[in-house]
Amino acid sequence: MTSIIQSEIRTKWAGELELELKDNILGFWLKHSFDEQCGGFLGQVNRDLTIVADAPKSLVLNTRLLWTFSYAYRMYGDASYLSAAERAFDYLNKHFADRANGGYYWMLHADGSPLEGKKQIYGQAFAVYAYSEYFRATKNLQALDYAIQAYRLIEQYGYDPVYGGYIEALSEAWEETDDLSLSDKDLNEKKSMNTHLHVLEAYTNLYRVWQSVELQAQLTSLVRLTIKHIVDEHTGHFKLFFDEAWQSQSQHISYGHDIEGSWLLVEAAEVLGDAALLEETKKVALKMADAVLTRGYDTDGGLFNEALGDTIIDDHKDWWPQAEAVVGFYNAYQLTGKETYLEASLRSWRFIQHAIVDQTYGEWYWSVKRDGSPSDNMQKISAWKCPYHNSRACFELLERLQLADVQQD
């Protein structure tokens, strides 16, 4: 593939990404997600745009909305994106913030009153991530203060000083709890890959705007801990669940998390500016990308959900692993220059275009079966169905392709 063809591909690809991002993803959420009755954003909207009026509102959805529209405003300066970010910022502060105990409620009733007050560290991390991005976009010092406060609560209550890393959850008052699992799909274990991955990305974003010595130390430690305990050095896959002493409690493989983690580790090391750590993470990232490409990548360019050993146990293709595949494989291409990774990233994008994008009602299907038909999950907006993975894939690729154009010139 010559550099001229690559330039043409970059131009065409960037146009497709921007159209998808602005018209289909962000446009959908601006049009269909606002809760005009109770404020903030709707808790659930189904595939056919039916509103589930009494659906609870999740911390995950609302922080991801704040992150998404903050990033969009920072990137484009569009007033509609700023308005949506402000709506999320105001709603989080008014309804999700726990004034008595600090931190943020996990779930609210549709009317905005508390439903589930436990302090899931995963959710607190997304508050750090979102407020950091809102500060990057608006320079609102209050947002930076909120991000730092959430970070300090995670460190005060969630950090394990004995074995390192972070426990899954605490009670509403930040006390020990037996209710640890993130969702009904997760094991009720002390520690998980998923929580650590998103603490990692949150701390990375905070470090961009608040380069404190303490945060630098914790983020560096988290990168090293991930490589030591969470990435399986033999297979290149993430281990998913652990007891407090880092003994693995599951043999399942999540291909979406593997490819997502591959580029988030590199991003963290880049933001830290630690050359030795960056070289180490690059090697790990490529091993992870290779493992996914070899075992989790279907012939149509889609990524399977899960495996157990060498056996695929969930051949559905959820929307978010497809988004992460586009970024993760392109990241591997940037690290190596190998066309195999570029082709994988492009094929993942093509799969999204023809199978994942909902051409009738907009946005992306939750999942498709291996035959390409939509899965039985009807949710288009919900506690976990957010615009974060797919918008981020577009943001990331647009910026990386623009960088490639500059380097080519």
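This is a predicted model: local features need pLDDT of at least 70, side-chain atom pairs count only at pLDDT 80 or more; totals for chains, interfaces and linings use all residues.
Residues are numbered from 1 along each chain as its sequence is written. Local features need pLDDT of at least 70, side-chain atom pairs count only at pLDDT 80 or more, totals for chains, interfaces and linings use all residues, and side-chain values use heavy atoms, without hydrogens and water.

Select residues 255–272, helix 8, and residues 275–295, helix 9. Helices are DSSP runs of H or I, at least four residues, numbered from the N terminus. The two pack at an angle of about 165 degrees, with axes 9 Å apart; axes are lines fitted to C-alpha atoms over the stretch in contact, and angles run from 0 to 180 degrees between N-to-C directions. Helix 8 and helix 9 are therefore roughly antiparallel (angle over 145 degrees). The crossing is left-handed: the near helix is turned anticlockwise from the far one by less than a right angle.

Now show side chains. Residues of helix 8 including Ile259, Leu265 and Val266 meet residues of helix 9 including Leu278, Ala285 and Met288 (contact: heavy atoms within 4.5 Å).

Next select Thr336, in helix 10 (residues 319–336). Thr336 is partly exposed, with a relative accessible area of 32% (partly exposed lies between buried, under 20%, and exposed, over 50%, with a 1.4 Å probe and protein chains only). Leaving out residues up to four places away in sequence, Thr336 touches Leu286 and Tyr341. A polar atom of the Thr336 side chain lies 2.9 Å from the backbone oxygen of Ala332, and the Thr336 side chain reaches the backbone nitrogen of Lys338 at 3.1 Å.

Note on methods: Angles under 35 degrees count as roughly parallel, over 145 as roughly antiparallel, 65 to 115 as roughly perpendicular and the rest as oblique. A polar contact is a pair of N or O atoms within 3.5 Å; within protein, one must be able to donate a hydrogen and the other to accept it, and residues adjacent in sequence count only if both atoms are side-chain atoms.
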